Amino acid sequence: MAAESIRDNALAVSGLLNRELGGRSVYPYQPADYYADKGRWKWLQSSGPDLYRRGLYTFWRRTTFYPSFQVFDAPTREFCTVDRPRTNTPLQALVTLNDPVYVEAARVLGQRIMLQGGESTARKLSFAFRLCVARPPREKELQVLERIFAEHLAKYQADAAAAAALVGNGAAPRLENLSVAQLAAWTAVGNVLLNLDETITRE
Amino acid sequence: MFNDLAELNRALTRRSFFTRTSASLGSTALASLLSPTLFAAPDAGGAIPHFAPKAKRVIYLFMSGGPSHIDLYDPKPKLAELHGQEMPASVRGMQRVTLMTRNQGQFLVAASQFKFVKHGQSGQELSELLPHIGKIADRIAIIRSMHTEPINHDPAVNFIQTGSGVVGRPTLGSWLSYGLGSENKNLPDFIVLLSGAGGQPVVSRYWSNGFLPGKYQGVQFRSQGEAVLYLSNPPGIDGQTRKALIDGVNELNRLKYDSLADPEIQARINSFELAYRMQMSVPELMDISSESQETLERYGAQPGQASFANNCLLARRLAERGVRFIQLYHRDWDHHLDLPNRMRQQCPQTDQASAALVRDLQERGMLDETLVIWGGEFGRTTFNQGPLKKDSYGRDHHPRCYSIWMAGGGVKGGITLGKTDDFGYNLVEDGVHVHDFQATILHLLGIDHQRLTYRFQGRDFHLTDVSGNVVPKLLA
């Protein structure tokens, strides 16, 4: 998928996506010092629903544009482009793994899984998998996901500080009544699912 | 039923259809599968290198703003007696000047305040502002006859980086990583380091891949905050957890690959592994405190600081790790006013470390295969800009002639190429146009600049556009 769609998809899957049409450009999360050595202009981060608008509304500064789109082959808009190249780089992996918007999407996806995914862990995993890739998981895939969930549930039950830190990512409100360790483990699963080749690729 | 579906998928997937049916695409995909690293197989075709390369990599010390050739590399003793007099119209000719000096009404000669000193066996003449570069004079080729076309910063930087004053073309580093691929497993091919404050902004377009695929984009390693954007894991995910999650992603991707045999999925798996290796290797790479005290002092580097000296040392560390193109930008050479004082501040920030880098590379036996380039986007005018005082003058942009130097990587050391007139205003001999400069760099890396092309919008583009000649006098 194209740069903007990859982000839109992650937001949509988690339920964060703001589908409002039109309006002014917005300023989602960006590393705080990204513009530090690029002149006087400042990136004033948006808040609330403006953080989750579709990528097409992200403010576009041609000389130094939104870095997460840049690594996904978005053009600089300095010349006409009929077709965007599609590449596959480690810097892209770092974005979908660590960019705050993807971590937040994983966390809110985790919350959604806990609220809407059904009773059993297997049902929850199938629900989440279908949200991301639009098909049910195969047996082997389900086994891998079950193992990832179990491992991370154990990890975050044993390390309350790490669990609290993980579920504290992002500005979206968190439901206080959900178990922190459970939510952290589901966030980890969300982070895996949002990074699958099948999630970010359209066949 | 899943098996049937998988079979159907296998037969019909658009991506695998193309990779299976097109011979050229198929062989590219196969190359990337067989290669040990994701970036290793150059996409530009099998013929590269076109001939035996002299250099394996480039370290380009870009002096942003346009350092004054008249005060650094191109002595003009005759100007002393003309200081403060109007430049002869015959020298200025019909050449355009910028809006900043066009209306000042007079074009008074400003002789350099700085003495020039002969260095080494070659007797190369350099300004007293550059004592350390003086010590490597026998190893560098000074080009006094560089010339370019644009007269303002941004187009001129674009021109020397992309061969075009129009924005949107790929930069030199992108062309090289497209043409040559990578030598290392843990790092991108084209890495950019910035230093200096003030002056002209340095924008990410200067390391853009233009219309080349995004994997050829330069990657800025930042000296403050995270070295690479999003390299650090978010709060709540430690290194061990990250490893486990990446393993999970790849395990699932591998299951998918087993059912589809789509090489793109294999490439994705490689990307995630490389991302993890970068997370592991980059912090160590950026930590220069492991260098000996002697080395740090030689460069004038101080761990934890953002400086040109630190970046020069990092450039050597990147070169050791096989990075193909290392681009440094140092800002604030745009001395329109009060040039002598500003040069006295600027030169010590760059002179020592530039020379230390060349000497260090040589001592480690790497200079022969590493091309080092020092220079800006244009030179500065002989005539004064702003108030002309006894001890102060300023200079405007001058694209018609200026000086740079190159060292190592198949370049002849201890020579001065080209000549300008007694005013340092016009070319007299051996002009080196930006396209000639670019053609020569590609030549040193084993590439015929006319055969490194990329088809975009129906045309085969070159870095050197439709011109450029290799400069044989520079070759060792």
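The following legends describe close-up views of a predicted model.

**Figure 1. The largest nonpolar core of the predicted model.** This core comprises 177 residues, among which A:Ala105, A:Val189, B:Ile191, B:Ala315, B:Ile326 and B:Met406 touch the most other members. The greatest contribution comes from helix α8 of chain A (residues 180-194), which gives 10 residues to the core. In soluble globular proteins, nonpolar side chains tend to be buried together.

**Figure 2. Surroundings of B:Met406.** B:Met406 is one of the core residues that touch the most other members. Leaving aside residues up to four places away in sequence, B:Met406 touches B:Ile140, B:Ala141, B:Leu371, B:Val372, B:Ile373, B:Val411 and B:Leu474.

**Figure 3. The contact between chain A and chain B.** Chain A contributes 50 residues to this contact and chain B contributes 47 residues. On the side of chain A that touches chain B, at least two residues each are supplied by α3 (90-98), α4 (100-116), α6 (139-158), α7 (160-167), α8 and α9 (197-200). The largest share of that side, 8 residues, belongs to α3(A). By residue class, the side of chain A that touches chain B consists of 23 nonpolar, 13 polar and 14 charged residues.

**Figure 4. Helix α3(A) and its packing partners.** Because 9 of the 9 residues of α3(A) are buried, this helix is largely enclosed by the rest of the structure. The buried residues are A:Pro90, A:Leu91, A:Gln92, A:Ala93, A:Leu94, A:Val95, A:Thr96, A:Leu97 and A:Asn98. Within chain A, they pack against α2 (67-70), α4, α8 and α9. From chain B, β6 (219-220) and α11 (263-286) also pack against them.

**Figure 5. The crossing of α4(A) and α8(A).** The two helix axes come within 7 Å and cross at roughly 120°; α4(A) and α8(A) are therefore oblique to each other. The crossing of α4(A) past α8(A) is right-handed. On α4(A), the residues making the contact include A:Tyr102, A:Ala105, A:Leu109 and A:Ile113, and those on α8(A) include A:Leu183, A:Trp186, A:Val189 and A:Leu194. The contact residues divide into 11 nonpolar, 6 polar and 1 charged.

Figure 6. B:Gly173 lies in helix α9 of chain B (residues 172-180). With 28 other C-beta atoms within 10 Å, B:Gly173 is buried, since 20 or more such atoms are required for that class. B:Gly173 and B:Phe190 are 17 residues apart in sequence, and their C-alpha atoms are 5.8 Å apart in space. Not counting residues up to four places away in sequence, B:Gly173 touches B:Phe190, B:Trp207, B:Gly218, B:Phe325 and B:Gln327.

Conventions:
Residues are numbered from 1 along each chain as its sequence is written. Chains are lettered from A and ligands numbered from 1 in the order in which they are written. This is a predicted model: local features need pLDDT of at least 70, side-chain atom pairs count only at pLDDT 80 or more; totals for chains, interfaces and linings use all residues. A nonpolar core is a set of buried Ala, Val, Leu, Ile, Met, Phe, Trp, Tyr and Cys residues joined through C-beta atoms within 7 Å. A residue is buried if 20 or more other C-beta atoms lie within 10 Å of its own, exposed if 12 or fewer, and partly exposed in between; C-beta atoms are placed from the backbone. Helices (H or I, at least four residues) and strands (E, at least two) are DSSP runs, numbered from the N terminus. Two residues are in contact if their C-beta atoms, placed from the backbone, lie within 7 Å. Ala, Val, Leu, Ile, Met, Phe, Trp, Tyr, Cys and Pro count as nonpolar, Asp, Glu, Lys and Arg as charged, and the others, Gly among them, as polar. Axes are lines fitted to C-alpha atoms, for helices over the stretch in contact, and angles run from 0 to 180 degrees between N-to-C directions. Angles under 35 degrees count as roughly parallel, over 145 as roughly antiparallel, 65 to 115 as roughly perpendicular and the rest as oblique. A crossing is left-handed if the near helix is turned anticlockwise from the far one by less than a right angle, and right-handed if clockwise.
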